[in-house]
Structure formats: C-alpha cells, structure tokens
Amino acid sequence: MNSYGFIRTAAAVPSVRIADTTFNTSEICRLIAEASDKEVSLAVFPELSLTGSSCGDLFLQDLLVKGAEEGVKKIADFSRGKSVTTVIGAPVPYRGRLYSCAIVVRNGNIKGIVPKTYLTAEEGRWFASGADFLSSEVRNDGTYLDNGKDCVREGFCGEIRYAGQKSNISPDMLFGIGHCTFAVELGNDMWAPVPPSSFHAAQGAQVIVNLSADREILMRDTYRKDLLRQHSARNICGYVYASAGFGESTQDNIYAGAASVWENGQMLAESERYSMESSLTVADIDIQKIEVLRRRNPLRIISPAGTDASTYYRNYERRNIGDPCCTDFESRLFRAIEPHPFAPAEGLPERCREILSIQVAALMTRLRHIGCRTAVLGISGGLDSTLALLVAVLATDRLGWSRDRIVAVTMPGFGTTSRTKNNAWALMEALSVTCREISIVPACEQHFKDISHDSALHDATYENSQARERTQILMDIANQTNGIVIGTGDLSELALGWATYNGDHMSMYGVNGGIPKTLVRSLVKWAAENRFGITSEDPEGRSVKDILLDIVDTPISPELLPANEQGEIQQVTEDLVGPYELHDFFIYNFVKSGYNPEKIYFLARKAFDYDDQTILKWLKTFIRRFFNQQFKRSCMPDGPRVGSVGLSPRGGYIMPSDAWSTLFSEDL
C-alpha cells in the first residue's frame, strides 16, 4: 500500500480510576486494540495514565508504583503482534528517585522511557525532574567539567531494568517508525519558555507527542489551542496531544480529556471534552509535507552555552523501533482535504480584507515612488481587470488623488460580447474614473493585411495579435498621460502560461500576480459587499455592487474568438484549459507542499467530485504547461507577493525555463 507520506496517529483518552492500575491497564489495552483496528501507527495516552495523575501522596506508596510497572508489563505483552506504537504514562523509579515518565511500547518491547523535565511545585513533592539526566556544565567544544577534570561526554541515556526488560531512560531520545521520527515531552514541558520539543524538532523529530494531565479552568482550552497551534507551526511539526479525562479526581480540579492532533499550525482533529467515555482521536499527519516545509525553512537553534537547554541538541540518537501499520489510506483518510486552499471558507472574509490591503499598499508605494500622473488599466468586464480596477480606486483614494487620474480603457475586439462591454462601461462610470473606448478591430485587420494573415483563420496569430494590440494601446496611453500600466493577470494564468507573451502578460506593475483565479472571484465578491456596497449608480440604475456581482457570475473568457449566434461567449477558458479550482489545487500542492503528481492526484480524488479521468487529464495538462511556460514567468513584471505561494523569479518559485517535465509526467 502507498502511504503517500502520511502516518496515522491517535490521541487516546481512557476513562480512569484513581490508583486502580488493574482497571486502567485493561482500558488502555482496549483502546490499543481499537487503534490497531483503525490501522493507527502511533497512539498516545495521557500523563500517568496507568495510575491517574491525581494520586497525590499515594505516589509515595511503593505498591502503587509496582502496580503501574506490572501494568506496563501487561500492556507490552498485549501489544505483541500489533504494529501500533503506544506511548503511555507511568511513575518510574530510578536510582532512588521517582519520575513521571512516558513509556514507548512496540510489539512486546519497551523501546524507551522519557522522564518529564519541567515540574510544578506540587509535582516536585513526588517526582524528580528529567533534568537530572542533563548536564549544565557543558563547554562549547562538547566537553564538560567533572570534578574539576575534563572528559568527553558519553551521552545522556541511563540504563534501567523496568517491567522485566532492559531499556534506556532519557529526556532526549528520538524514535523512528518507518519514515517518521517522533519525540516525547510531558505536560508542562510544552509550557516552558524553551520546550524540549523545540530541540527535538531541530534534531529531526517530525512529530512531537505530549502526555499531559492539564486541569481545566475558564478559557484554558482557548489558550492551550493557541499554544499548540503556534508550537506546531514554529517547529514545523506534527503534534499529538492527549490529556487526562473522566475519572480523574474532582477534589479541586476538573479534567476534560482534551485531545487533539496538529500539523504545522493546523488542527487536524480534536476530542469532545468532558465526555464520560473513553475516546480515540485519530488523524493522519503528513510527514512528507513537514519535510518539504522544513527544507524550505531550515530550523536554526542557538542556545547560550552553559545552560541546560544548550545540552539538549547533543548526542541525539534515532532509535528505529519498527515500521508503520500497513494503513489503507485509499479507503479512508483521517484528515480533511481543503478543495480550495487559496480561498477556504473558514476565515475567508478576514483573508480578503488583508489581501486587498496588501494590494492597495503595494500599488500606493509604486505610484508615489515614481511620481507618475496616472494609472492606466485595460477593462474587459472580466474578473481580473475588475479586481485591478478596484485596487487602483482604493489606492488613489488613500493617496488623496482624484479618481479621474485612473485611465480605464475598454478595447472591444472580435469576441467582445455585449454583457462584458456593458459591465466594463457601467463599472468605469460608476467608479468615476476616466473612461475611454478604443476598438482594436481596425488595427488588427490592418495588421493581418500587413503580415498576410487570413482573418478567417482563427488560430494563435488571430488571438494573440488582439492581446498584443491592447497592450500596445495601454502602453502608449501611459506614455501619453505620464502614467504606468497596471497589469491584471493572475497567478493561475501565470502558472499555466495562459497569457499572450508581451500581450496581457506584460505591464509596468501587476497587482494580481500573487492571486489565483479562485481567490480573485472571492475578492471581487467581498469588495462588492464590503467596500463598494453603497456608491453611485450607473445609468441603468445598477449600483457598483450589482455590477460587480454580475461580473462575478460571468463565465471566464479571453473573448478572442467571435461570439455565438446568440451573442454569448463562445470561448470559455475552463473548457479549454480546465477548471480553475482544479488547477489552483494543483498549484498549491505542487508549489507549497512539494507533492509529487501521484500524491496530488490522490488528494484531488479525495477533495473533488470530478471523475478520476477528468482529474488525471487536467493534472497532466497542469504539469505540461507549468514546465513549458516557465519562460513567461521568468520576465514577469513587479507585483506584490500576497501569500505563501508566489511565482515571481525574484523570490517566489525559482525554476529554470528549460526544465523537463518527464520525471513528473511519468509519476502519474
């Protein structure tokens, strides 16, 4: 089975009985069996899950500690023959001290024991800190001072005989499950100013698991989620968090059973808090994506020498403990796939507001810096030119310019329909910009004669000559009015090369170059409802909002071929190059996530209702055009980079114009 770079994880919250290790062992085993049935590779249980975290001074009772050890032994025996790696919490005695530990169990074997480092004052009553295993007297050259003598540090792992097995105990161990490397921290470790997991991640841990027993108070859950979101994003890692739940003592504290799985700042799954039943929160973490993002943003850790924190990154050793489950990700994937990653429904209004602010600020800076008199735009009545015009209007308003310094030119050609032409005029007039109409038909007909081209032949020459004629007009008007041409082409068109070279492909500043087509539509709609909802009306009585919403509903077309007999658009872009929602999905996952085409195909089949052959057809088109059309992006004009995906050769996606797509096409 193909893992597609995923690993299935689970945050398990068992119902516990305080100090009843027999019951707790049984419940943990039951959840391990459930995790195995769901093909989970890594299951994480709360802190001190074998005893309960609320035992207080009972932790000083040797009978309880031995009962927990016996429970670990039973769990290890139960895990034989199962490929799920389990991390459970128990009190572990070592050299006369007691530690709150995470115990990693796999197929009957204890693979390692990780003690908690950061303790509360209350916990210090019963437990010692994992810092006992670290030295603060470490020099820059990797040696440390031992009774006044220099010696080379041998490592951090202590050896322990526990639950009938010989194992290692240390706070800084890495564990390998196939292509996944994970590390462990417990409870308060995550809340420390410099958590152990930050160093674990720097040494290669792609997933951090946290065994916790966090008490609930007002707004604690919100703060905890903010911390998990930021922590997983800052370390570019997966994070599996399991906290104590029902059955923990309510003497003065409430435990809600908070469990969640995170990936690079995004929550993949969470439990229902305050449940009386045991729960298993399952999610598939994308290890491949984490690795790609880390290569793009390599972690850098600089810690002051001589501190406990500075020793964390020394002498790590990855312990390979087995392979992941043979998980059938094809039949079921435990994660949501966002079909519109550039324009997700959640937070879309805030996203639109911020993007327009970025575009406007960028254009204001350029206009003021070069001291031009006008901003010149070609207005087609389509989405891209509409968004560029709205940005220009908002920018001139902010600069205190009169809107008549925006020169908006509509240039009807052979394929212009009455709907787009009327919308272009209505919008220009309603926004009170300088309006001009220049037909390109006579100039193109003369051009066809000059180059001996049959105007009845509707080929690339016929189409592209119209785009280049429009660009020439705009450039010359910009010279005439001491202005600059504002480009309208978007990121999706740049990715596919769906633009005429030195035609609509070129401008003096492109405000839409960082925005994909699916987001352009959302931005125009948001602007209609939030920025231009109350404005002047056109002669037909339509408000700017009405005009904009009609443009949003207009099929996307370059209108370079004549309309049909009914005067309607005949050349629909998405019929020719493919649905933009598919291409934007491909762009995002290829450029940002670094996925190979096979994985993109797999995810697209999960995200969309298109049949497999349709997705495959347009994905092949995307791969071919993305590689073959790079030369158009290599000379694209300046423009604001809006999001994490950019195609500018000056810091976006840097790619040679002559790269071959063979390897990527064959991957499909």
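1. How do the residues lining the largest cavity divide into nonpolar, polar and charged? They divide into four nonpolar, two polar and five charged. Ala, Val, Leu, Ile, Met, Phe, Trp, Tyr, Cys and Pro count as nonpolar, Asp, Glu, Lys and Arg as charged, and the others, Gly among them, as polar.

2. Ground rules. This is a predicted model, in which local features need pLDDT of at least 70 and side-chain atom pairs count only at pLDDT 80 or more, while totals for chains, interfaces and linings use all residues. Residues are numbered from 1 along each chain as its sequence is written, and side-chain values use heavy atoms, with hydrogens and water left out.

3. Largest cavity. The space in it is about 80 Å³. A cavity is a set of points, on a 1 Å grid over the protein atoms alone, where a 1.4 Å probe fits but cannot get out; a pocket is an open set with protein on both sides within 12 Å along at least five of seven lines; lining residues have an atom within 4 Å of a point. Points are joined across faces, edges and corners, and a volume is the space filled by probe spheres set on them. The lining includes Asp221, Arg224, Lys225, Tyr241 and Glu270. The largest share, four residues, is from α4. Helices (H or I, at least four residues) and strands (E, at least two) are DSSP runs, numbered from the N terminus.

4. Second largest cavity. Its volume is about 50 Å³. Val13, Pro14, Phe246 and Glu272 are among its lining residues. By class, that lining has four nonpolar, four polar and two charged residues.

5. Largest pocket. The volume is about 1300 Å³. Its lining has 38 residues, and Gln266, Pro341, Pro344, Arg351 and Tyr588 lie nearest the centre. Elements giving two or more residues include β15 (266-270), α6 (348-370) and α15 (580-592). α15 gives the most, with four residues. The classes are 20 nonpolar, nine polar and nine charged.

6. Helix α15 again. It packs with α16 (residues 597-607) at about 135°, axes 11 Å apart. Axes are lines fitted to C-alpha atoms, for helices over the stretch in contact, and angles run from 0 to 180 degrees between N-to-C directions. The two helices are therefore oblique to each other; angles under 35 degrees count as roughly parallel, over 145 as roughly antiparallel, 65 to 115 as roughly perpendicular and the rest as oblique.
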